[in-house]
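Biologist: I am new to this structure and would like to go through it slowly, one topic at a time. Could you show it to me before we begin?

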Amino acid sequence: MGQKGAKHTNEAQLSADLVIEKLSPIEGITSKKMFGGHGIFQEGKMFGIVDSKGKISLKVDEALEKEYLSIGGTKHG
């Protein structure tokens, strides 16, 4: 998510707000500040992260990974 002890940034907040806005039609989408960024949750289950620089990463399974990477998604890390 980011480095432990990293300060929360405006970029992280703006990206988290954008994710929440775009996913608002889906019930139960929330975010929580974590390690200078945000965890993105659906009904309490984490499926995405926003790092302290505002980069958004989503958790995908093996079936979706190739498509996710082909459209510009990146692995967190």
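**Overall build**

Modeller: With 77 residues, a compact globule would have a radius of gyration near 11 Å, and the chain has 12 Å, which agrees; here the radius of gyration is taken over C-alpha atoms, and the globule rule is 2.2 Å times the number of residues to the power 0.38. This is a predicted model, in which local features need pLDDT of at least 70 and side-chain atom pairs count only at pLDDT 80 or more, while totals for chains, interfaces and linings use all residues. Residues are numbered from 1 along each chain as its sequence is written, and side-chain values use heavy atoms, with hydrogens and water left out.

Biologist: In what order do the elements of the chain run from the N terminus on?

Modeller: Helices (H or I, at least four residues) and strands (E, at least two) are DSSP runs, numbered from the N terminus. The secondary structure comes to two helices and four strands. Read from the N terminus on, the order of these elements is α-β-β-β-β-α.

Biologist: What percentage of the residues of the chain count as buried?

Modeller: A residue is called buried under 20% relative accessible area, exposed over 50%, and partly exposed in between, with a 1.4 Å probe and protein chains only. The C-alpha trace spans about 35 × 30 × 20 Å along its principal axes. Of the 77 residues of the chain, the share that counts as buried is 27%.

**The core and its neighbours**

Biologist: Which residues make up the largest nonpolar core?

Modeller: A nonpolar core is a set of buried Ala, Val, Leu, Ile, Met, Phe, Trp, Tyr and Cys residues joined through side-chain atoms within 4.5 Å. The largest such core has five residues, namely Ala-12, Ala-16, Val-19, Ile-40 and Val-50.

Biologist: Which element supplies the largest share of this core?

Modeller: Helix H1 covers residues 10-22. The largest share of the core, three residues, comes from H1.

Biologist: How far apart in space are Val-50 and Ala-16, C-alpha to C-alpha?

Modeller: Val-50 lies in strand S3 and counts as buried because its relative accessibility is 0%. Leaving aside neighbours within four places in sequence, Ala-16 is in contact (heavy atoms within 4.5 Å) with His-38 and Val-50. Although Val-50 and Ala-16 are 34 residues apart in sequence, their distance from C-alpha to C-alpha is 6.4 Å.

Biologist: Is Ser-15 buried or exposed?

Modeller: Ser-15 lies in helix H1, and, apart from neighbours within four places in sequence, Ser-15 is in contact with Val-50, Gly-54 and Ile-56. Since the relative accessible area of Ser-15 is 14%, this residue is buried.

**Loops and strands**

Biologist: Where is Phe-35 located?

Modeller: Most residues other than glycine have a negative phi. Phe-35, however, has a positive phi of about 50 degrees although it is not a glycine, and with a relative accessible area of 43% Phe-35 is partly exposed. Its place is the loop between strand S1 (29-34) and strand S2 (37-42).

Biologist: What is the relative accessible area of Glu-43?

Modeller: Glu-43 is placed in the loop between S2 and strand S3 (45-50). Glu-43 also has a positive phi of about 50 degrees without being a glycine. Glu-43 is exposed, because its relative accessible area is 62%.

Biologist: Which residues does Leu-23 contact, leaving aside its neighbours within four places in sequence?

Modeller: Leu-23 is found in the loop between H1 and S1, and with a relative accessible area of 23% Leu-23 is partly exposed. Once neighbours within four places in sequence are left aside, the contacts of Leu-23 are Ile-29 and Phe-47.

Biologist: What distance separates the C-alpha atoms of Asp-51 and Met-34?

Modeller: Asp-51 lies in the loop between S3 and strand S4 (56-58), and this residue is buried, with a relative accessible area of 16%. Asp-51 and Met-34 are 17 residues apart along the chain, and their C-alpha atoms are separated by 8.7 Å.

Biologist: Which residues does Lys-32 touch, not counting those up to four places away in sequence?

Modeller: Lys-32 is found in strand S1, and its C-alpha atom is separated by 10.0 Å from that of Val-50, 18 residues apart along the chain. Not counting residues up to four places away in sequence, Lys-32 touches Gly-37, His-38, Gly-39 and Phe-41.
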